[in-house]
Amino acid sequence: MRRRAAVLFRRTVRLATVLAVAALVASPAGAEGQDKVIRIGFQKYGNLILLKGKGWLEKKLQPLGYGVEWKEFPSGPPLLEALNVGSIDFGHAGETPPIFAQAAGAPFVYVAHEPPAPEGEAILVPKDSPIKTVAELKGKKVALNKGSNVHYLLVRALEKAGLKYTDIETVFLAPADARAAFERGSVDAWVIWDPFQAAAEVATNARTLTNGSNLAPNHQFYLATRKFSDGNPQVIDAVIASIAELDDWAKDRVTDVAAELSPGIGIPAPILEIALKRQSYGVKPLDESVVAEQQRIADTFFYLGLIPKSIAVATVVRKPAS
């Protein structure tokens with residue numbers, strides 16, 4: 001009886017092994033692909049959340065044996081921190097978060113950028129505020145998300161108005177908290193980006209002291225960890241190609257895009273249309289002029305003591321041939 005049971009057990013093991021090998025032979029890419037993924041950080045507003053919904057990237061990566069894991073972040077600074085600690089491989093942010101991240105030693109590279117969208121960020125004041133110019137912000141409380149893309153807009157606007165950064169009282173708040181403080185009157189001004197900018201303009205009739213025009217270009221950058229970019233250039237190329245396809249689709253479909261984004265963001269589609277009309281499209285590699293613009297931001301922040309050391313932006317830009 002024991003011998004018969006042993007023989008039956010060995011036959012069962014052999015059969016299971018044969019079936020497992022056959023399954024691997026039949027679909028080797030799929031089996032391997034389950035272990036190979038690119039982890040992408042996205043925010044509730046922007047092209048990556050649209051790309052997530054379309055599923056185009058998954059199809060493009062399938063022949064390479066890669067899948068996608070999507071992770072949501074409330075803004076650029078925490079997304080860059082996730083890149084820094086290696087919990088994501090790829091993401092997007094405005095101009096300022098990468099500056100702070102590079103100064104902190106984060107091992108990332110700039111992969112690509114979208115053209116400037118200077119009207120997509122602004123300094124707002126309440127509709128009945130006596131403040132009419134940026135110069136009148138002296139001594140006032142100004143809310144902003146520390147290290148976000150609007151940080152540089154504030155610095156440049158103050159500089160143009162003849163004020164120092166220390167002439168105002170900065171109040172660092174995330175967008176939702178800043179909106180509440182703005183409506184309560186706890187702060188005198190709010191520096192914010194779209195779509196929160198558009199929402200405040202419509203809901204509270206907030207006035208714009210200035211936007212980024214002739215002050216801050218307001219680029220969106222696509223970023224990757226250096227390790228993933230160097231080790232998987234074909235995957236990075238596929239991601240950028242998918243973003244380019246998404247750009248081509250979205251640029252003339254403002255109404256459709258607003259309808260897709262509205263449920264996830266919790267902002268009505270008509271308000272999102274206002275923001276989307278201020279957005280730019282046309283992803284491309286960084287050229288010398290864009291690198292120079294980022295370097296000016298880095299130099300400004302170092303001079304003001306906002307970052308602990310001088311950095312060279314060009315050293316963390318992905319080479320086109322890589």
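**Entry 1: second largest pocket.** I found 14 residues lining the second largest pocket, and Val-111, Pro-285, Arg-318, Lys-319 and Pro-320 lie nearest its centre. A pocket here is an open set of points on a 1 Å grid over the protein atoms alone, where a 1.4 Å probe fits, with protein on both sides within 12 Å along at least five of seven lines; lining residues have an atom within 4 Å of a point. β4 (108-114) and α11 (233-250) each give two or more residues to this lining. β4 gives the most, with 3 residues. Helices (H or I, at least four residues) and strands (E, at least two) are DSSP runs, numbered from the N terminus. I noted 10 nonpolar, no polar and 4 charged residues in the lining. The volume is about 220 Å³, taken as the space filled by probe spheres set on the points.

**Source notes.** I am working from a predicted model, where local features need pLDDT of at least 70, side-chain atom pairs count only at pLDDT 80 or more, and totals for chains, interfaces and linings use all residues. Residues are numbered from 1 along each chain as its sequence is written, and side-chain values use heavy atoms, without hydrogens and water.

**Entry 2: largest pocket.** I read a volume of about 570 Å³ for the largest pocket. Its lining has 33 residues, with Gln-43, Tyr-45, Trp-193, Asp-194 and Gln-220 closest to the centre. β2 (67-73), α5 (76-85), β3 (90-93) and β10 (220-225) each supply at least two lining residues. By class, I noted 14 nonpolar, 14 polar and 5 charged. Ala, Val, Leu, Ile, Met, Phe, Trp, Tyr, Cys and Pro count as nonpolar, Asp, Glu, Lys and Arg as charged, and the others, Gly among them, as polar.
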